[in-house]
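Hi,

Here is the model I promised to pass on.

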Amino acid sequence: MKTSILVCYHKDTVVRRDPDYVPIQAGRALSPLRLDMIGDDTGDNISLRNASFCELTAIYWAWKNLKDVDCIGLCHYRRFFDFHNVIPSVYSVKYEDVGRLGEYDLSLPDTLKRKIAAGSVVVANRMYMKETIFSHFCTCHEADDLKKLRDIIYANGEKDYIEAFDTLMLGNSISLYNMFVMSWADFDEYCTWLFDILFKLEKVVDITDYTPYQKRLFGFVSERLLSVYLIAKNKRRLFYPVVQFVEADQVDNHGPVRERFSVLNKRIRFMFKERPANYRE
C-alpha cells in the first residue's frame, strides 16, 4: 500500500526523509529559496496563491500531480502526528525540542493503513473551546467571510454539507492544522468539493486590505471545511495527538501551558450540555 504524507516546508530547517513522507516546499513560486525537495510550483499547481491558501497549495499539488497513491496525508515541518501513542492522549499538542525530531517514530503502522483503506480518516486530536467554532472564527477573523462561505455551500444545494457546516459551527470542538491521512479515493472527493468552494469564495471576498495574517483566509477556512466534509460524509475519524517541534528554549514556554489547556479540554467539553438537534460528534 503506497503512502505519501506530504510535509510542508517554507524555510531551511531540519528535514525528516522517512519512507512514507514527501517533503515539499510550499509557496515556492513566491520564494527566492530553493530547498532540496519537490516544489509545489511544478506541474498543475496554485503555488502563486500560497500567501492566502497556505498549505493548501501543497494539497492541490498532490491532488493534481501524484499518481498511484493509496494513502495520502499532510503534516508540517514542525508538526507531525504521533501514531505510536508516545504522547499521552490528554494532549492536543505536545511541544518538543526540535533536536529530538530524529528520535520520534513517525511511521504509519500497517494496522492504521488498513483502517484508512477501509474509509477511516486520521485527524488531529480535537481542540475544545470555551465558545462555539462560529464565535471563535468571528472573533479572530472577518465574520462576513464566514457568511459568504455558508452561502456558497448552501447554493451548491448539498443538504448534508450545510447541515454539517451548522453542526460544526454550533459546536465547540475542532481538529486543526489541515492535518490528515486518508485514502486517495476520499482525498479526491474531498479536494473536488473543497477547491470548488474555495475558488468560488475567492471571487466574492476582497482580501486586498487584509493584514498578511488575515490574508491567509483560505487556509483558515479550510481548517473548518475538513471537519465539515468528514461530518457530512459520516467518516470515522481517528484522533491522534500532534507533536510540535520548537527551539529548545521555547519548550518550557509552550509545553506546560499546552498541557494545562489540554487537561482542561476534558473538563470544558462537559460544560456544554446543550447541542443543536442535528449535532453529531
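**The largest pocket**

The largest pocket holds about 790 Å³ of space. Before the rest, a word on conventions. This is a predicted model, so to speak: local features need pLDDT of at least 70, side-chain atom pairs count only at pLDDT 80 or more, and totals for chains, interfaces and linings use all residues. Residues are numbered from 1 along each chain as its sequence is written, and side-chain values use heavy atoms, with hydrogens and water left out.

A pocket here is an open set of points on a 1 Å grid over the protein atoms alone, where a 1.4 Å probe fits, with protein on both sides within 12 Å along at least five of seven lines; lining residues have an atom within 4 Å of a point. Grid points are joined across faces, edges and corners, and the volume is the space filled by probe spheres set on the points.

The lining of this pocket has 29 residues, and Cys54, Glu55, Arg78, Arg79 and Arg216 are the ones nearest the centre. By class, the lining splits into 14 nonpolar, 9 polar and 6 charged residues (nonpolar is Ala, Val, Leu, Ile, Met, Phe, Trp, Tyr, Cys and Pro; charged is Asp, Glu, Lys and Arg; the others, Gly among them, are polar). At least two lining residues come from each of β1 (3-9), α1 (50-53), α4 (133-140) and α8 (217-232). The top contributor is α8, with 4 residues.

**The fold**

The protein chain has 9 helices and 12 strands, taken as DSSP runs numbered from the N terminus (helices are H or I, at least four residues; strands are E, at least two). Of its 281 residues, 53% are buried (under 20% relative accessible area with a 1.4 Å probe, protein chains only; exposed is over 50%, and partly exposed is in between). Among contacts (heavy atoms within 4.5 Å) with a separation of 6 or more, 73% link residues 24 or more positions apart.

An open, mixed sheet of 7 strands runs in the order β3-β2-β1-β4-β10-β7-β11, where two strands pair if DSSP finds at least two bridges between them. At its edges sit β3 (38-39) and β11 (237-240), each pairing on one side only. β1 and β4 (71-76) run parallel, joined by 6 bridges, and valine 7 is opposite cysteine 75 there. β4 also pairs with β10, antiparallel, over 4 bridges; cysteine 71 has serine 183 as its bridge partner. β7 and β10 are antiparallel too, with 2 bridges, and valine 122 faces valine 181.

Most residues other than glycine have a negative phi. Tyrosine 177, in the loop between β9 (173-174) and β10, has a positive phi near 80°. Is that residue buried or exposed? Tyrosine 177 counts as buried because its relative accessibility is 11%. Asparagine 234, in the loop between α8 and β11, has phi near 55°, also positive. Asparagine 234 is exposed, at 61% relative accessible area.

Cheers
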